[in-house]
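Hello,

Here is the structure for you to look over. My notes follow below it.

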Amino acid sequence: MLMVLNEYWQPFIFWDGTEYSGLAVTLWVLTLSLLFGFVLALPLSILRVSKKRWISGPVWVFTYVFRGTPLYIQLLLIYSGVISLDFVKQTPSLNDFFMSGYNCVVLAFTLNTLAYTIEIFAGYIKATPHGEIEAAYAYGMSKFTVYRRVVLPSALRRALPAYSNEVILMLHSTSIAFAATVPDILKVARDANSATYQTFISYSIAAVIYMCVAFILVGIFRLIERRALAFLAYEKK
């Protein structure tokens, strides 16, 4: 068993000189998806809380669709479905983009986490204490400045626990990247299982790697929350 472990655990973690390891691919896809999703969610969450239906409505439809359908189906539609459309085939740039499994995975994961992140941030924007907003206006701040210096910083701090859960869920969701032939951790585990028929060992290694990454991410968010939410301890006193 130790020989099997020594022979097949390395592709999960280490780069062999020709292609990246399953762990590196998983972390790269996760990082890009979360980065794009977070940046796009900031302005869209503000639009989501707008009282004008023609502004908030399209954002609500987007979040409803992507939160109401499985991520696996979204990935299959983007990877296998979009490329079959005539206008995509006839547009070289689009055809090249959707021919790449990496591009399709990052796009699908970005849109999915974007939908959830918008709702998380929008909920905490709505929950911003009204006194903070009134005090900002009393100082003569414009609406843009109020959002930039008061509403968004306060909402993001309070949203940290919920957003950390979204990050962990996205980490687990990356396990379906193999559907687009992306060699993530689970794809490497499936290949190792096919080559060795050591099913328990192959998938156990994958499970341990996911668990370790999740443990590290939780620890990082706990440290950030401890600093960012320290003011709540004083509010309770």
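Helices (H or I, at least four residues) and strands (E, at least two) are DSSP runs, numbered from the N terminus. By that rule the chain has 13 helices and 0 strands.

This is a predicted model: local features need pLDDT of at least 70, side-chain atom pairs count only at pLDDT 80 or more, and totals for chains, interfaces and linings use all residues. Residues are numbered from 1 along each chain as its sequence is written, and side-chain values use heavy atoms, with hydrogens and water left out.

Of the 237 residues, 40% count as buried (under 20% relative accessible area; exposed is over 50%, partly exposed in between; 1.4 Å probe, protein chains only).

Start with α4, residues 53-68. Its buried residues are Ser-56, Val-59, Thr-63 and Phe-66. Seen down the axis of α4, they fall within an arc of 105 degrees (taken from the directions from the helix axis to the C-beta atoms), so they line one face of the helix. Arg-53, Trp-54, Pro-58, Tyr-64 and Gly-68 are exposed on the other side. The cover over the buried residues includes α3 (22-48), α5 (71-81) and α8 (101-126).

Best wishes

Notes. Contact means heavy atoms within 4.5 Å.
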